Amino acid sequence: MGLLDGKVAIVTGAGHGIGRGHALELAKEGAKVVVNDLGTSLRGEGSGKDADLTVDLIRERGGEAVANYGDVTDYEAGRALIAQAVEEFGRLDILVNNAGIARDATIWNMTEEDWDSVIKVHLKGTFVPTHHAVKHWRQLHQQGEDVSSGRIINTTSGAGLTGNFGQANYTAAKAGIAAFTQTVSLEVFKMGITVNCIGPAGATRMAASIPGAGIQAREPDEFDEWDPMDPSLSSPLVAWLASDKAAHVTGQVIRAVKDEIVHMIPWSNGNSIRKSGQRWEASELTALMNADIFKCRAPGLRY
Ligand SMILES: NC(=O)c1ccc[n+]([C@@H]2O[C@H](COP(=O)([O-])OP(=O)(O)OC[C@H]3O[C@@H](n4cnc5c(N)ncnc54)[C@H](O)[C@@H]3O)[C@@H](O)[C@H]2O)c1
């Protein structure tokens with residue numbers, strides 16, 4: 001008995017790395033999986049049939065999977081991706097938005113194309129499959145069907161939640177995905193569908209591209225035993241969030257790094273000052289902001 005017996009899942013960007021780990025884990029727990037991957041380079045250039053690699057692994061291990069080679073940023077390809085799950089396996093329960101690229105550069109060196117392509121793959125690439133999946137479930141819901149098995153699991157990054165030097169495009173997109181998760185979770189709540197966001201990690205080609213990190217890229221199926229750099233260490237959390245056991249969990253951001261699972265607390269009110277119905281004067285803020293808001297000595301807040 002698997003946690004996901006009878007479920008049908010889509011994992012985007014699942015030909016390699018963290019997405020491959022999720023696809024293998026969901027299949028291990030009994031889900032039938034549509035393995036999406038455009039087969040691009042780390043920078044998002046070119047295409048290929050890399051999804052086949054993961055499909056073959058799932059089938060070798062006795063699971064059921066089909067490949068999808070579509071671009072998650074393409075509106076019609078997104079529609080076709082959702083339709084493929086329903087046509088091949090009869091239903092859709094789980095959508096894991098994982099596909100991503102990186103084009104790291106400091107803000108002064110970042111080209112317009114570096115910015116646009118990274119924002120597009122992460123943000124629009126999360127919007128497009130989510131939009132089509134929710135439209136599909138909503139149509140069923142309006143026909144009186146129970147769609148409360150619907151699960152969307154998005155992918156942010158610790159870098160997106162705290163900032164990271166040289167990644168303005170990537171971190172902006174990843175923080176956006178966390179906000180997108182919160183909003184969409186509110187919109188689909190009444191249908192019983194959950195939307196959550198994970199922050200994974202692992203020795204993928206994306207992590208290996210960080211200058212000076214000294215990481216060698218490896219696929220999750222190349223790890224036989226526990227290793228803190230295994231890209232599939234967040235996959236059990238994804239499987240659990242995708243299951244009936246997590247029906248009560250929605251709108252949450254959870255990081256899973258090495259052996260630790262951490263609930264991220266969203267933006268929340270910190271210290272405040274009020275002026276009994278009067279407008280502040282800029283000149284009076286220096287002392288108050290430092291002493292009562294930031295509780296620090298000027299001029300340094302963070303660095
Ligand atoms: N590796 C880490 O440490 C780490 C940390 C935090 C978050 N993440 C996130 O995890 C996710 C997976 O990253 P990874 O490290 O496994 O990278 P990866 O490069 O190994 O895998 C990404 C996959 O996405 C695919 N892809 C890219 N653009 C696509 C598109 N338009 N349509 C469909 N598929 C596309 C690629 O072909 C590739 O197979 C990304 O969203 C990344 O931002 C990774």
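**Exercise 1. Which residue in β8 stands opposite Val253?**

Solution. The structure is a predicted model, in which local features need pLDDT of at least 70, side-chain atom pairs count only at pLDDT 80 or more, and totals for chains, interfaces and linings use all residues. Residues are numbered from 1 along each chain as its sequence is written, and side-chain values use heavy atoms, with hydrogens and water left out.

Step 1. Locate the strands: β7 covers residues 253-257 and β8 covers 260-264. Strands (E, at least two residues) and helices (H or I, at least four residues) are DSSP runs, numbered from the N terminus.

Step 2. β7 and β8 pair in the antiparallel sense over five bridges; two strands pair if DSSP finds at least two bridges between them.

Step 3. Read off the partners. Val253 stands opposite Met264 in β8, and Ala256 has Ile261 as its bridge partner in β8.

Step 4. Examine the connection. The two strands, β7 and β8, form a hairpin with two residues between them, and Lys258 in the turn has a positive phi of about 55°.

**Exercise 2. Determine the strand order of the sheet and identify its edges.**

Solution. Step 1. Eight strands make up an open sheet with mixed pairing, and their order is β3-β2-β1-β4-β5-β6-β7-β8.

Step 1. At the edges stand β3 (65-68) and β8, each with a single partner strand, so one side of each has no neighbour in the sheet.

Step 2. On average, neighbouring strands of this sheet are turned by 20° against each other, direction ignored.

Step 3. Helix α2 (residues 51-60) packs on the sheet and touches β2 (32-36) and β3, its direction making about 180° with that of β3. Contact means heavy atoms within 4.5 Å, and angles run from 0 to 180 degrees between N-to-C directions, with axes fitted to C-alpha atoms, for helices over the stretch in contact.

**Exercise 3. Describe how α1 packs against α8 and against α2.**

Solution. Step 1. Helix α1 (residues 17-28) packs with helix α8 (residues 235-242) at an angle of about 50°, their axes being 9 Å apart. α1 is therefore oblique to α8. Angles under 35 degrees count as roughly parallel, over 145 as roughly antiparallel, 65 to 115 as roughly perpendicular and the rest as oblique.

Step 1. The residues in this contact include His22 and Leu26 of α1 and Val238 and Ala239 of α8. By class, the residues of the α1 contact with α8 are six nonpolar, three polar and one charged. Ala, Val, Leu, Ile, Met, Phe, Trp, Tyr, Cys and Pro count as nonpolar, Asp, Glu, Lys and Arg as charged, and the others, Gly among them, as polar.

Step 2. Turn to α2. The axes of α1 and α2 come within 10 Å and cross at roughly 25°. α1 is therefore roughly parallel to α2.

Step 3. Arg20, Ala23, Leu24 and Ala27 of α1 make this contact with Leu53, Thr54, Leu57 and Ile58 of α2. The residues of the contact of α1 with α2 comprise six nonpolar, one polar and one charged.

**Exercise 4. State the domain bounds and how far apart the C-alpha centres lie.**

Solution. Step 1. The domain assignment of the chain gives domain 1 (8-264) and domain 2 (270-303); such bounds come from an automatic or database domain assignment.

Step 1. Between the C-alpha centres of domain 1 and domain 2 there are 40 Å.
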